[in-house]
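Here is a short briefing to read alongside the sequence and the model. Please keep both in view as you go through the points.

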Amino acid sequence: MGDFKTVFKNLRLAKGMSQVELAEALGITRSRLSMYELGQREPDFETLELIADYFNVDIDYLMGRTEKTTMIPQSYYLNEETAKIAQEVFDDPDLRILFDASRNARPEDIRLAADLLRRMKETNPDG
């Protein structure tokens, strides 16, 4: 079995939400949410679907069965073009390091950094 508690907490933190805010958004108690994050309780299937839909990820990702989510939550990025480029970066394991650093960057800056890393990798395939 994967690590739901860690994935769930990381999704909440990445969205910049407190436990209270997320519990309200999901329609559950803060206590229940806290138990999920501590691994003291597992959500039922309906709650898993609710959480996956809220964060716009699939259940396999949420349960820690895969490290790749189907898409980046749309609300994470303020600019649609930035979100699209960031998704490309996120989907490429060699470029994923840029993912967290790109949240507030301009689209052209993300594209420049990704292109630079690709070129560096082409000239040094072992690195």
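Let's begin inside the fold: Phe-8 is buried, with a relative accessible area of 0%, where buried means under 20% relative accessible area, exposed over 50% and partly exposed in between (1.4 Å probe, protein chains only). This is a predicted model, in which local features need pLDDT of at least 70 and side-chain atom pairs count only at pLDDT 80 or more, while totals for chains, interfaces and linings use all residues. Residues are numbered from 1 along each chain as its sequence is written, and side-chain values use heavy atoms, with hydrogens and water left out.

**Aromatic residues**

- A search of the whole structure finds five aromatic pairs; rings of Phe, Tyr and Trp (its six-membered ring) pair if their centres lie within 6.5 Å, and planes under 30 degrees apart count as stacked, over 60 as edge-to-face and the rest as tilted.
- Phe-8 and Tyr-36 form an edge-to-face pair, because their ring centres are 6.1 Å apart and their planes stand at 70°.
- That pair links distant parts of the chain, with Phe-8 in helix 1 and Tyr-36 in helix 3 (residues 30-38), 28 residues apart; helices (H or I, at least four residues) and strands (E, at least two) are DSSP runs, numbered from the N terminus.
- Tyr-36 also counts as buried, at 1% relative accessibility.
- The rings of Tyr-54 and Phe-55 are edge-to-face too, since their centres lie 5.1 Å apart and their planes are at 90°.
- Tyr-54 is partly exposed, with a relative accessible area of 27%, whereas Phe-55 is buried at 1%.
- One aromatic cluster takes in Phe-4, Phe-8, Tyr-36, Tyr-54 and Phe-55.

**Helix 1 against helix 4**

- Helix 1 (residues 4-14) and helix 4 (residues 45-55) pack at an angle of about 35°, with their axes 11 Å apart; axes are lines fitted to C-alpha atoms, for helices over the stretch in contact, and angles run from 0 to 180 degrees between N-to-C directions.
- Their crossing is left-handed, a term used if the near helix is turned anticlockwise from the far one by less than a right angle, with right-handed used if clockwise.
- Helix 1 brings Phe-4, Phe-8, Leu-11 and Arg-12 to this contact, and helix 4 brings Leu-48, Ile-51 and Phe-55; contact means heavy atoms within 4.5 Å.
- By class, these are six nonpolar, no polar and one charged residues; Ala, Val, Leu, Ile, Met, Phe, Trp, Tyr, Cys and Pro count as nonpolar, Asp, Glu, Lys and Arg as charged, and the others, Gly among them, as polar.

**Helix 2 against helix 4**

- Helix 2 (residues 19-26) packs on helix 4 at an angle of about 110°, with the axes 11 Å apart.
- Helix 2 is therefore roughly perpendicular to helix 4 (65 to 115 degrees; under 35 counts as roughly parallel, over 145 as roughly antiparallel and the rest as oblique).
- The crossing of helix 2 and helix 4 is right-handed.
- Leu-22, Ala-25 and Leu-26 of helix 2 meet Leu-50, Ile-51, Tyr-54 and Phe-55 of helix 4.
- The residues of this contact divide into seven nonpolar, no polar and no charged.

**Two more residues to look at**

- Glu-37 lies in helix 3 and counts as buried at 9% relative accessibility.
- Leaving aside neighbours within four places in sequence, Glu-37 is in contact with Lys-5, Phe-8, Lys-9, Arg-12 and Gln-19.
- Asn-56 sits in the loop between helix 4 and helix 5 (59-62) and is partly exposed, with a relative accessible area of 27%.
- Phi of Asn-56 is near 60°, a positive value in a residue other than glycine.
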